[in-house]
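Please read the following note with the model open beside it, taking the points in order.

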Amino acid sequence: MFGLKADWSLDVHERYFTMDDYAGAEPRWCTGCGDLGILTAVHRVCRDAQVEPENTVAVSGIGCSSRLPHYMKTYGFHGLHGRALPVACGIKSRRPDLDIWVATGDGDCFSIGGGHWIHSLRYNMDLTLLIFDNGIYGLTKKQTSPTTPQGFHTNTHVTGALLPPLNPLTVTLGVSNVSFVAQTVDWNAPLLYEIINAAHQHKGTSFVRIVQRCPMYMEQLNQEMQDDPSRMLLLTHDKGVQVDDAVVRMFENHQEHDPSDMAAARAIAQDDSLIPLGVLYHDPDAQRYDELTNVGLNMPMQERVQGLNAALDKFAI
Amino acid sequence: MGLEFIDGNQAIVRGAIAAGCCFFAGYPITPASTILQYMLDQLPRSGGVALQAEDEIAAIGFCIGASMAGRKAMTATSGPGISLYSENIGLATIGETPLVIVDVQRQGPATGSATKGAEGDIQFSRWVTSGGLPVIALSPATVAEAYELTYRAFNFAEQFRVPVFLLSSKEISLTRETVDLDEVNLPGVLERPRMEEGEIYQPHAFDRPEQIPALSDFGAAQVTRYTTSTHDKSGYLTTDPAVIQEMIDHYAAKIETAVDEICLYSEDLQTGADQLLLSYGVTSRAASVAVDHMRSAGKKVSSLVLQTLYPVPEQVIRGALAGISKVVVPEMNMGQYRLEIDRLAPDGVEVVGVNKMDTTLISPTEILNQGDLL
C-alpha cells in the first residue's frame, strides 16, 4: 500500500520537555540577583539536552546558590554547608545513569568546602559543578568570602578585606586529573548558556566558575565590571565554546586558546589583570573515579554470591 | 559605661573582653555572626586578635593554638558549627586547654531554621565529643546575664583548664535590652595556673586527681608539648591502662569536685509550695511570668532558674524539690534537661515537661496550661 513499510512513523519523541518542566518553586532570590540567570541557563541546557527530570539530580550546600534544588523540578538535595560534593559523588557512584548538577558558592565551595573541592576535582566523577561566585557571603549578610576583593568593605572587615582574594582558577588547574575548567559571567546569557552546555556535555567533573552579581552587597563593584567589558578576555578556539559574532564583539580582548594546553591555561589563570571567559582546560580522557569503582554495579546475583564466598574463604579454618 | 541598649551578642563580646579575652576566631553563621563581626571590630582596638576562619574546624583550631600560646580565647557559632567543633572540643578536653565556646542556639537539627530560635543543644553540649567527659555549660536568660556568664565562663575555663560552653540562643543574642554593665556584679579575673621557671615541667601534673596542673604557655620559658593521644602527666604518649585511667579520672574529678563552686542559679522558693517551675535560658522569663500569675491567683509555687546546666547542680535541684509533688520543666526542645530532673526527683514527684521546637517561644500561658498549674 503506497510502498510504505508497515512500521513507518515520524520520529516524534513521546515526551518533549519544555523549560517549565524543569522549573520548580518560584525563585526567592533578590531582584537582579545573578542566580536567576544561571537558573534559566540550567533550565535551557536541560531542555536542549532533553534530559529526563526523573533522571536528573540537583545537589547543593548552603548559601544563596544552594537554594537552586528547590527551583528545579528534578530530584533535589539541599545539604549541609560545604558538603554538596561528597553527596553528589555518593549519588554518582551508585547511580551513574543519573545526570548530576552541583550548585555551590564561593563560601560553600572555596572556604568551608575547600577540602572536598580539591578532592572532588581529582575524583573527576561525572558532575556539572557550578560555582555561583559573587565574592561575598550573601545569605548571612555581607561577610568576607575567599574571593572578596582586597580592600572591599564587609561586615567582618569593615576597613576592607585584608588579603588578596583566592584565585579559584589557579587552584583548580593545579589539581591532578582535573578535566574541565571554565569561567563565565552571569550577565552574558549566550556565553553563560554555551559554557554551561559544554560543561554539561563533558564526561567528568566540569568546573564552571560563574562570576556573579550580588545587587544587595556588591552592587557598585558588579556594575563597574558589567559596564566595562575591557576587563574581560574572551577565550576562543575550535575546541572551546562557540558563540555568535555579536557576542564576540562585546569583548575588546580576545585570545585564541587551545583548551588542551594546560600550561597556557595556567598562564591565563595566573594573570589577574583580565578576567578570562571561556574554556580554560578540557581533557575528555581524564580518569574517572566513578567509572573505576563501579565495575560491579550490574553484577548478577549468582556472581555476587560467588564473589562474597571467595572473599570469606580466607576466614575459613 | 552607664545605660546602653545592646543585644546579647554585644554583651557576650563585652563580657569576654572584660574577662581578658584577647583572641577570637569564628566563621559566619546566623545567629552568631555578629559576635564575629563585633569581635573583628572591637578586639583589635583593645590589643587582641580576631580572625575570620575558613570554616568552624579552623576557627576552634585557631583558638586552641592561641590558648596554648597563653591567650584567653573564644569562638562562637550555632548548632551546625558545634557539630564541626566536636573533635577539637575533645582535643581541648584531653589537652586541658582553657577555651570559651559560645553556642548561639537555633532551631535544628542540621541547618534547621537558621534565623529562628530553639534551645536544642543542651544535652549536645554535655555529650559533644567522644569519651563523654564532663564539661561546664552556662545558660544566660538576659542580655545582662550574657555579659556576666561569658565573663564567668572565662574564669572557669582558666581555673579548671577546660572548654566552657556559653549556651545562648537566638532570642537572647539578637534581642536588645537596656542594661548597665557596670551594675553587673563580677568576681575578679582569674588566670590559669602557670609554671614557675626552672621547675621540671609536667603539663598534666597533679597529686590529687582534682588538682589543676600548671601550664607553661608555648613561647614561655618552659618548653612543653601537647598531644591529642592518651598521655601521662609529662604529656608523653602512653598505653599503660593504669596511667590512662588516672588521667581520665583527673579530667572528670576537676569538674565534679568543684560543682558547688561552678553552680550558678537563682531560686525563689515559697514556703508550703508543692509545685516547682524549673527553667533556664530564655524560657525562664516566661516561667517567671507564670510564677507571678500563679501567686496572684493564690497558688503557692517555687521557682528555680539554672544558669549552670553542667555540671548538673544536683544538690540545688534536690533542695528545691523538697516538699514538692510536681515539677514543671519548660524547654525549647523535646525534654532534654528534664532527663536530669527525672533522675533526681524522688519517687512520687511528678515531672512534667512543656516542650516545643516549632521556632516560637514558649509563652507563660502555655506553661500554665500544659503544666496544669492553675
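1. A pocket, as the word is used here, is an open set of grid points with protein on both sides within 12 Å along at least five of seven lines, and its lining residues are those that have an atom within 4 Å of a point. The model to which this term is applied is a predicted one.

2. The second largest pocket has a volume of about 690 Å³, and its lining is made up of 30 residues, with A:T147, A:P165, A:R209, A:D272 and A:I275 lying nearest its centre. Two or more lining residues come from each of α5 (168-173), β8 (205-211), α7 (219-227), α9 (262-270) and β11 (275-282), which are elements of chain A. Sorted by class, this lining has 15 nonpolar, 10 polar and 5 charged residues.

3. The largest pocket has a volume of about 980 Å³. Its lining counts 48 residues, and those nearest the centre are A:I62, A:G63, A:L139, A:T140 and B:A114. The classes here are 17 nonpolar, 23 polar and 8 charged residues.

4. Turning to the rings, the structure holds 10 aromatic pairs over all chains. Why does A:Y137 count as buried? Its relative accessibility is 8%, and buried means under 20%. B:Y27 counts as buried too, because its relative accessibility is 2%.

5. The rings of B:Y280 and B:Y337 have centres 5.7 Å apart and planes at 65°, so this pair is edge-to-face, given that planes over 60 degrees apart count as such. The pair links distant parts of the chain, with B:Y280 in strand β10 (residues 275-280) and B:Y337 in the loop between β13 (326-331) and α12 (338-344), 57 residues apart. Both B:Y280 and B:Y337 are buried.

6. In chain A, ring pairs join A:F110, A:W117 and A:F207 into a cluster. In chain B, B:R126 lies over the face of B:W127 at 3.8 Å from the ring centre, and B:R225 lies over the face of B:Y236 at 4.1 Å from the ring centre.

Definitions and conventions
Residues are numbered from 1 along each chain as its sequence is written. Chains are lettered from A and ligands numbered from 1 in the order in which they are written. This is a predicted model: local features need pLDDT of at least 70, side-chain atom pairs count only at pLDDT 80 or more; totals for chains, interfaces and linings use all residues. Side-chain values use heavy atoms; hydrogens and water are left out. On a 1 Å grid over the protein atoms alone, a cavity is a set of points where a 1.4 Å probe fits but cannot get out, and a pocket is an open set with protein on both sides within 12 Å along at least five of seven lines; lining residues have an atom within 4 Å of a point. Grid points are joined across faces, edges and corners, and a volume is the space filled by probe spheres set on the points. Ala, Val, Leu, Ile, Met, Phe, Trp, Tyr, Cys and Pro count as nonpolar, Asp, Glu, Lys and Arg as charged, and the others, Gly among them, as polar. Helices (H or I, at least four residues) and strands (E, at least two) are DSSP runs, numbered from the N terminus. Rings of Phe, Tyr and Trp (its six-membered ring) pair if their centres lie within 6.5 Å; planes under 30 degrees apart count as stacked, over 60 as edge-to-face and the rest as tilted. Buried means under 20% relative accessible area, exposed over 50%, partly exposed in between (1.4 Å probe, protein chains only). A charge sits over a ring if NZ of Lys or CZ of Arg is within 6 Å of the ring centre and within 35 degrees of the ring normal.
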